[in-house]
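Hello,

Here is the structure you asked for.

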2 protein chains.
Amino acid sequence: MTALHHRRPEESDHIRVVEAIPVWWGMPPEAAPSRLLPRLFFQHFADTSILVEDDGGQLAAFLIGFRSASRPHTAYIHFVGVAPGLQRRGVARDLYERFFAMMRERGCTRVDAITGPINRPSQSFHRALGFALGGDTEIEGVLAYLDYDGPGEHRVTFSRSL
Amino acid sequence: MTALHHRRPEESDHIRVVEAIPVWWGMPPEAAPSRLLPRLFFQHFADTSILVEDDGGQLAAFLIGFRSASRPHTAYIHFVGVAPGLQRRGVARDLYERFFAMMRERGCTRVDAITGPINRPSQSFHRALGFALGGDTEIEGVLAYLDYDGPGEHRVTFSRSL
């Protein structure tokens, strides 16, 4: 396995990450969730995000997260991706642990994230990392919050102490 | 004209704002830019955002903005809307001035925003408020940055001293 190099993303990394999303997710660009990741996250939340490259400088993984401004004891993980060839090797777990450590240092006591009801791998991953799953309505076979992110945008919530 | 009441948005206001967007923008929900406004902004950036209601408690306008975490002297205006019946009365200008004052108090010296090349009213509005417009490629008749927010997502940038 190639060595992985972690650093803060820069604004100029935005396009690489956005272009990786449909490839890594195996979706046509218009169906991929790229619009959830506008450039603003690379401008304004770079200091709490992590970009991972392999020895050849290729994008290997990323975690985009921030500390809540309104709820300063809460950290939020917005978007995480790992290149398909590097999955199931603990890369995402390592990214989460790095983020947890960074957020504990800043005084956060809780970390939140969300996913869609159909994203079972994400639900299993977060459960294994000690997140409590939240939802109040059975949607596609799991408990989720109906219309959480707008009409038709149902979500399972994740929350964990730090 | 009804009196307008300004306050910080709460998480429970998210659905009202998301449902107003297609109506105010005159677009079908699936074409409206509602996905640019996930619930996270109402959870984590409520303290620097403004929601406006009329005397009857109806949603009149909103401004969603935040202070950059990575660039703490920069404020960012993410999304602004005014109900069609209240436009051209200075409601948006007043929201911007309230946001500018709030951000100056926090030590910001610059405020940024963006729009699409076809959004001429937004470009005129920001120019009138003293923003400098940015772009390096002529797109739909104005200077904009090609693929700024991802492939096909061209943007005109706005920047202004505070």
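Which residue in S3(B) does B:Glu53 stand opposite? In this predicted model, the residue across from B:Glu53 is B:Leu59.

Strand pairing in chain B

That position belongs to the pairing of S2(B) with strand S3 (residues 59–67), an antiparallel arrangement held by four bridges. The two strands make a hairpin with five residues between them. In the turn, B:Gly57 has a positive phi of about 85°.

S2(B) also pairs with strand S1 (residues 5–7) of chain B, again antiparallel, through three bridges. On that side, B:His6 is the residue opposite B:Val52.

Side chains along S2 (residues 50–53) of chain B point two ways: B:Ile50 and B:Val52 go one way, B:Leu51 and B:Glu53 the other. All four of these residues are buried, B:Glu53 included.

Aromatic pairs

Counting over all chains, there are 29 aromatic pairs. Two of them are described here.

In chain A, the ring centres of A:Trp25 and A:Phe79 are 5.6 Å apart; the planes meet at 55°, so this pair is tilted. A:Trp25 sits in helix H1 (residues 14–25) and A:Phe79 in strand S4 (residues 74–82), so the contact ties together parts of chain A that are 54 residues apart in sequence.

In chain B, B:Phe100 and B:Phe131 form another tilted pair, with 6.1 Å centre to centre and 50° between the planes. B:Phe100 is part of helix H3 (residues 91–105), while B:Phe131 lies in the loop between helix H4 (120–128) and strand S6 (132–134), so this pair ties together parts of chain B that are 31 residues apart in sequence. B:Phe100 counts as buried at 3% relative accessibility, and B:Phe131 is buried too, with a relative accessible area of 4%.

Contacts that involve both chains

One aromatic cluster takes in residues of both chains: A:Phe41, A:Phe45, A:Phe66 and A:Tyr76 together with B:Phe41, B:Phe45, B:Phe66 and B:Tyr76.

Arginines also lie over rings across the two chains. A:Arg39 is over the face of B:Tyr148, 4.2 Å from the ring centre. In the other direction, B:Arg39 lies over the face of A:Tyr148, at 4.2 Å from the ring centre.

Regards

Definitions and conventions: Residues are numbered from 1 along each chain as its sequence is written. Chains are lettered from A and ligands numbered from 1 in the order in which they are written. This is a predicted model: local features need pLDDT of at least 70, side-chain atom pairs count only at pLDDT 80 or more; totals for chains, interfaces and linings use all residues. Side-chain values use heavy atoms; hydrogens and water are left out. Buried means under 20% relative accessible area, exposed over 50%, partly exposed in between (1.4 Å probe, protein chains only). Two strands pair if DSSP finds at least two bridges between them. Rings of Phe, Tyr and Trp (its six-membered ring) pair if their centres lie within 6.5 Å; planes under 30 degrees apart count as stacked, over 60 as edge-to-face and the rest as tilted. A charge sits over a ring if NZ of Lys or CZ of Arg is within 6 Å of the ring centre and within 35 degrees of the ring normal.
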